[in-house]
Amino acid sequence: MAIILFFTLILLCILTFISIEDWKTMLISENKLIIFAISGFIYLTFLGLLNEKVNSIDLIVNNIFSTIIIFIIMYSISHISYKVIGINSLGIGDIKISSISTIWLGIELSLLSIGISFFLSAIYSLYGKLSKSFTPFQQYPFAPFLSIGIFCSWIIDKIQAFKSL
């Protein structure tokens with residue numbers, strides 16, 4: 001229980017710092033992404049050490065494979081939108097955050113987090129268009145929406161885990 005709370009706080013801090021940086025600069029530093037990834041691997045290692053039913057190596061290999069899948073999906077979305085409308089709808093930092101979140105969440109919860117992120121971003125975009133505060137095809141930081149989606153998926157997973165105890 002304490003270890004889950006500890007990693008929840010770490011995840012929240014990392015996502016908050018990434019979101020603030022993206023909101024201010026529309027960029028995400030590689031150092032923050034590396035910390036995000038390394039802390040995810042540390043979490044998986046602890047998960048394996050504390051639970052005899054979980055093999056850390058299998059979990060890490062599976063999540064790395066899932067990371068590649070999410071990267072390809074998100075990069076494809078970015079590439080297709082660039083070809084269709086001529087604007088990068090997703091930056092490489094957003095793609096990397098989505099991919100790295102798979103280390104923490106696994107592929108199912110990562111897909112859920114991406115869905116939550118796109119939904120929240122659509123609401124924000126719609127509000128911006130209705131209030132006429134956005135120009136057509138205006139870009140805005142997506143990492144805060146990804147962070148909310150990742151953290152919501154993390155909490156949903158932990159709630160389900162505690163219910164099953």
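**Surface.** I began with the surface of this predicted model. The protein chain exposes about 9700 Å². Carbon and sulfur atoms supply 73% of that area. I then looked up the buried share, and buried residues make up 39% of the 165 residues.

**Charges.** I looked up 9 positive and 8 negative charges in the protein chain. Their mean positions lie 11 Å apart.

**Overall build.** Which elements does the protein chain have? I found five helices and zero strands. Read from the N terminus, the order is α-α-α-α-α. I put a box around the C-alpha atoms along the principal axes, and it came to roughly 55 × 30 × 30 Å. Next I checked the radius of gyration. A compact globule with 165 residues would have a value near 15 Å, and the protein chain has 17 Å, so the two agree.

**Helix α1.** This helix covers residues 2-25. How far apart are its end C-alpha atoms? I noted 35 Å. At 1.5 Å a residue, its 24 residues should span 34 Å, so the two values agree. I listed its buried residues, among them I4, F7, L11 and I14. The buried list also includes T8, S19, E21 and D22. What do the buried residues of α1 pack against? I found α2 (30-50), α4 (92-130) and α5 (143-163). After α1 comes M26, and its phi is positive, near 60 degrees.

**Residue S125.** I found S125 in helix α4. Is S125 buried or exposed? Its relative accessible area is 15%, and buried means under 20%, so S125 counts as buried. I left aside its neighbours within four places in sequence and looked for contacts. S125 touches F134 and Y140.

**Helix α5.** I repeated the span check here. The 21 residues of α5 should span 30 Å at 1.5 Å a residue. Its end C-alpha atoms are 30 Å apart, so this agrees. Which residues of α5 are buried? I wrote down A143, P144, F145, L146, S147, G149, I150, S153, W154 and K158. The buried residues of α5 pack against α1, α2 and α4.

**Last note.** I set the two packing lists side by side. The buried residues of α1 pack against α5, with α2 and α4 also listed. The buried residues of α5 pack against α1, again with α2 and α4 listed.

Terms used. Residues are numbered from 1 along each chain as its sequence is written. This is a predicted model: local features need pLDDT of at least 70, side-chain atom pairs count only at pLDDT 80 or more; totals for chains, interfaces and linings use all residues. Side-chain values use heavy atoms; hydrogens and water are left out. Helices (H or I, at least four residues) and strands (E, at least two) are DSSP runs, numbered from the N terminus. The radius of gyration is taken over C-alpha atoms; the globule rule is 2.2 Å times the number of residues to the power 0.38. Buried means under 20% relative accessible area, exposed over 50%, partly exposed in between (1.4 Å probe, protein chains only). Accessible areas come from the Shrake-Rupley method with a 1.4 Å probe; for residues, only the protein chains shown count as cover. Lys and Arg count as positive and Asp and Glu as negative; His and the chain ends are not counted. The place of a charge is taken as NZ of Lys, CZ of Arg, CG of Asp or CD of Glu. The expected span of a helix is 1.5 Å times one less than its number of residues. Contact means heavy atoms within 4.5 Å.
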